[in-house]
Protein chains: 2
Amino acid sequence: MKTETTIQGLTASLSPARSSRKIIGFVPTMGNLHEGHLNLVREARRLCDVVVVSIFVNPIQFGPNEDFENYPRTLEHDSHLLAEVGCDIVFAPSVEQMYGHKPRLTNISVSDITNDLCGLQRPGHFDGVAVVVTKLFNMVQPNFAFFGQKDYQQLAVIRQFVRDLNIPLEVIGVPITRATDGLALSSRNGYLTEEQRKTAPIIFQSLKEAEQQLKQAVNLAEVLENIKQTLTQAGFIVDYVEARTLDLDKIEVFNQDVVLFVAAKLGTTRLIDNLQVKYTA
Amino acid sequence: MKTETTIQGLTASLSPARSSRKIIGFVPTMGNLHEGHLNLVREARRLCDVVVVSIFVNPIQFGPNEDFENYPRTLEHDSHLLAEVGCDIVFAPSVEQMYGHKPRLTNISVSDITNDLCGLQRPGHFDGVAVVVTKLFNMVQPNFAFFGQKDYQQLAVIRQFVRDLNIPLEVIGVPITRATDGLALSSRNGYLTEEQRKTAPIIFQSLKEAEQQLKQAVNLAEVLENIKQTLTQAGFIVDYVEARTLDLDKIEVFNQDVVLFVAAKLGTTRLIDNLQVKYTA
């Protein structure tokens, strides 16, 4: 496995693969890797000849009061894990390498689907994601790019700008990886105290209960209210509990496949999760 | 020479060139071609193995009161001219082919350098250019892309977002092609009456006079004022007369290379031109 820290080095490392028209798979990450990331890499390994993983904590997708400075940087440990799952090239650029010294004047924004859910609490967040992911796509020029379904809205935003801008690659969404107690794996889980960690799986439990209730024809609004109550009683500060179509359109009645979304805080740590519920007439 | 009207057809036509790693040159146009465009194609022909020219009147870069509907569409004549100068592939998609049937939610905007000159009179224009050019770049994936220096601000915007987004190609700016009387060639010259056409070269004459005045150490502000007066007296409605650095920064004193910009209307036809003036200490 090679590690590249410059765009030039990355380009050189990828040049033989490109010349021989190998299938390139790409997994963009912010590092601090867990099994969720590793499953993305395994999926890339399965489908592609060459697997590139980027590790870059992207400043422009963090708000001024968010955890950019404190976001865990664990490159050595991450590299160890990536080597084990068959990554070929780790791309770990500096902020200077990614953004250069001249000011960036270009922005990419995706409307509508970024206006609520996580977009509401994190203005500019998805613009920052769109810009960095587009830059990375242009550097790596992969055939396939892999993203987790845990960040469902982010995945939808990426699919949207890839389609709108005709970026020549296929986006693959990979199902959420969960701990045995159901908690969706996330780098931010590491911020939880031991007690909070024991409480956190209630998010997934409440989503599974909601799924049962929907299948028993409980009204959608009531189901969402039940999730909110369960979480609030368990000590969460609920940010949102929402139901959407697979395309993130609002939905009032459970008459098609639906995604249930939760964002809630335990102490200062904000957790998100989602569950797709199939509709069967 | 092949003509393709679909993205799929374009991709198929380019596939052999890509497989054999040929150098691909790309000239995006809105058609109604004149010698200025043909010089871009000749330059592409000189530097590249395969030359692609797109012809697409892009709706999203026109304002609501601009000439989108009436913009001349002359594909047959254009194709004739392109074949003569050695174009390999003409890409002439429909609006539906370019923008699809689902709504586009993604926008690309470049700040600062789009806020004045033509950006002031044409809000959203450069966003529309950035989006369509990015889409075309992703479809053609050229090594080199050619743009005229007549649309100097457009060229600067394209250079900026190519750099900011790491789009893997080189942008080549090609000098303005002029009629023998000095008028910068433009599709919109065709809108001029015979009398207006006789008046139009005064723009270039006033720029050349300005160059002389600057070399005789006339104050920059005075030089710009002289251009304005010359044009106004000749019957133009002046939109702007401005001096900028090569990077489009404002400049008050002629102490480095400068670009003089003019936008002015004759009747309802808006003409633009510019002239670079070298500074020699």
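Asp88(A) forms a salt bridge with Arg45(A), and the closest N and O atoms of the pair are 3.0 Å apart. Because Asp88(A) lies in the loop between α3 and β4 (89–91) of chain A while Arg45(A) belongs to helix α2 (residues 35–47) of chain A, the pair ties together parts that are 43 residues apart in sequence. Asp88(A) counts as partly exposed at 28% relative accessibility, and Arg45(A) likewise counts as partly exposed, at 27%. The model described here is a predicted one.

**Salt bridges**

Side chains of opposite charge can pair when their charged atoms come close.

| Pair | N to O distance | Relative accessibility |
|---|---|---|
| Asp88(A) and Arg45(A) | 3.0 Å | Asp88(A) 28%; Arg45(A) 27% |
| Lys150(A) and Asp151(A) | 4.0 Å | Lys150(A) 14%; Asp151(A) 30% |
| Lys208(A) and Glu211(A) | 3.1 Å | Lys208(A) 36%; Glu211(A) 11% |

In the second pair, Lys150(A) counts as buried, whereas Asp151(A) is partly exposed.

**Annotated parts of chain A**

An unreviewed UniProt entry places the feature "binding site" at Gln61(A), a residue found in the loop between β3 (50–55) and α3 (75–84) of chain A. With a relative accessibility of 10%, Gln61(A) counts as buried, because the cut-off for a buried residue is under 20%. Leaving aside neighbours within four places in sequence, Gln61(A) is in contact with Met30(A), Glu66(A), Arg122(A), His125(A), Gly128(A), Val129(A) and Val132(A).

Helix α3 of chain A also holds Glu84(A), which counts as exposed at 60% relative accessibility. The C-alpha atoms of Glu84(A) and Leu38(A) are separated by 9.4 Å, although the two are 46 residues apart along the chain.

For residues 207–234 of chain A, UniProt lists the feature "coiled-coil region", again from an unreviewed entry. In the model, the chain over residues 207–234 is 82% helix and 0% strand, with the end C-alpha atoms 14 Å apart.

**Between the chains**

In the contact between the two chains, 31 residues of chain B meet 30 residues of chain A. The area buried between chain B and chain A is about 2500 Å², of which carbon and sulfur atoms give 48%. There are 0 salt bridges between chain B and chain A, but 14 residue pairs are in polar contact, both residues being at pLDDT 80 or more. On the side of chain B that touches chain A, at least two residues each are supplied by α1 (7–19), β5 (106–110), α6 (125–140) and α7 (152–164), and the residues of that side divide into 13 nonpolar, 10 polar and 8 charged.

**A loop residue of chain B**

Thr245(B) lies in the loop between β8 (237–244) and β9 (258–266) of chain B, and this residue is buried, with a relative accessible area of 8%. Not counting residues up to four places away in sequence, Thr245(B) touches Lys250(B), Ile251(B), Gln256(B), Asp257(B) and Val259(B).

Definitions and conventions:
Residues numbered from 1 in each chain as written. Chains lettered and ligands numbered in written order. Predicted model: local features only at pLDDT ≥ 70, side-chain atom pairs only at ≥ 80, totals over all residues. Heavy atoms only, no water. UniProt positions renumbered as here; feature names shortened; annotations may be inferred. Helix = DSSP H or I, 4+ residues; strand = E, 2+ residues; numbered from the N terminus. Buried < 20%, exposed > 50% of the residue type's maximum accessible area, 1.4 Å probe, protein only. Contact = heavy atoms within 4.5 Å. Buried area = accessible area lost by both parts, 1.4 Å probe. Salt bridge = Lys/Arg side-chain N within 4 Å of Asp/Glu carboxyl O. Polar contact = N/O pair within 3.5 Å; in protein donor to acceptor, adjacent residues only side chain to side chain. Nonpolar A, V, L, I, M, F, W, Y, C, P; charged D, E, K, R; others polar.
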